[in-house]
Amino acid sequence: LTFMEYMHNAVRMAAIARRQVIFVYTHDSIGLGEDGPTHQPIEQLNALRITPNLATWRPCDATETSVAWLAALKRQDGPTALVFSRQGLPGQARDVAQLAAIERGGYVLKDCDAMPELILIATGSEVGLAMDAATQLNDQGRQVRVVSMPCASAFDAQDADYQETVLPPAVTRRLAIEASHPDYWRKYVGPRGSVIGMTGYGESGKAEDLFRHFGFTVENVIDTARALLD
């Protein structure tokens with residue numbers, strides 16, 4: 001077995017046995033650019049998220065990491081995967097309600113003045129990117145909301161009323177941003193939404209160069225958002 005096959009088997013066995021095991025993953029996307037595409041696990045987040053009885057967290061900063069760790073310690077009937085980026089990520093400001101909502105798996109990190117025209121959904125290292133793009137779009141008179149979704153399975157377990165306050169059904173223009181395979185996010189963005197993700201393996205280079213090359217930039221998020229809005 002390869003190391004990753006061993007790890008996947010360990011995760012599956014913990015999930016089947018409903019054991020409280022905490023798996024910690026690092027270097028979660030194309031951010032480990034210098035080691036080339038063989039070390040860029042763009043497909044593994046999807047594999048973890050669709051594993052039954054596994055809670056997968058991809059935090060965007062130290063605050064979400066603390067909540068994810070506490071959730072893993074409280075979870076007695078199954079394993080948890082904590083997935084971290086290699087890059088240093090900016091801390092995000094939150095009020096008391098937002099802090100409490102992190103444990104729900106998905107929450108409104110940045111809102112607008114009226115009903116959103118567009119919702120940006122992001123995790124991990126791409127949350128800061130979504131926040132910067134939303135700030136510029138809102139400054140230009142658009143109504144854009146940012147949803148951070150560090151744990152999709154926890155969000156899916158919430159009642160429908162809560163889910164609809166975060167992702168109102170009437171807002172059909174949605175853009176998910178994650179430096180991994182995009183398919184998992186189709187169910188959240190719907191047929192009128194879009195995903196900025198990785199549809200192939202990356203290249204070998206510095207992280208900042210790869211993110212720019214593959215469109216993980218404020219400029220590309222804004223251009224994609226405008227295309228959806230128009």
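Modeller: Let us begin with strand β6 (residues 144–148), where five of the five residues are buried, so the strand is largely enclosed by the rest of the structure. Please keep in mind throughout that this is a predicted model.

Biologist: Which residues of β6 point one way, and which the other?

Modeller: V144, V146 and S148 point one way from β6, whereas R145 and V147 point the other way, and all of them are buried.

Biologist: What sense does the pairing of β4 with β6 have, and how many bridges join them?

Modeller: Strand β4 (residues 107–110) and β6 run antiparallel, with three bridges joining them, and within that pairing K110 has V146 as its bridge partner.

Biologist: And how do β5 and β6 pair?

Modeller: Strand β5 (residues 118–122) pairs with β6 in the parallel sense, over five bridges, and here L120 is the residue that stands opposite V146.

Biologist: Changing topic to the cysteines: how many disulfides turn up in the whole structure?

Modeller: A search of the whole structure finds zero disulfides. C60 is in no disulfide, and its nearest cysteine sulfur, which belongs to C151, is 14 Å away; C151 is likewise in no disulfide, with the sulfur of C60 as its nearest at 14 Å.

Biologist: Are C60 and C151 buried or exposed?

Modeller: C60 counts as buried because its relative accessibility is 3%, and C151 is buried too, with a relative accessible area of 1%; the cut-off for buried is under 20%.

Biologist: Now the second largest pocket: how much space lies in it, and which residues line it?

Modeller: About 260 Å³ of space lies in the second largest pocket, which is lined by Q87, L89, S125, E126, L129, A207, E208, F211, R212, F216, T217 and E219. Five of the lining residues are nonpolar, three are polar and four are charged.

Biologist: Which helix gives the largest share of that lining?

Modeller: Helix α9 (residues 207–213) does, contributing four residues to the lining of the second largest pocket.

Biologist: One last topic, the backbone: which residues other than glycine have a positive phi, and where do they lie?

Modeller: Most residues other than glycine have a negative phi. H27 is one with a positive value, near 55°, and this residue lies in the loop between β1 (22–25) and α2 (44–49). N53 also has a positive phi, of about 65°, although it is not a glycine, and its place is in the loop between α2 and β2.

Technical notes:
Residues numbered from 1 in each chain as written. Predicted model: local features only at pLDDT ≥ 70, side-chain atom pairs only at ≥ 80, totals over all residues. Heavy atoms only, no water. 1 Å grid on protein atoms, 1.4 Å probe; cavity = no way out; pocket = protein on both sides within 12 Å on 5 of 7 lines; lining within 4 Å. Points joined across faces, edges and corners; volume = space filled by probe spheres on them. Helix = DSSP H or I, 4+ residues; strand = E, 2+ residues; numbered from the N terminus. Nonpolar A, V, L, I, M, F, W, Y, C, P; charged D, E, K, R; others polar. Buried < 20%, exposed > 50% of the residue type's maximum accessible area, 1.4 Å probe, protein only. Pairing = 2+ DSSP bridges. Disulfide = S-S within 2.5 Å.
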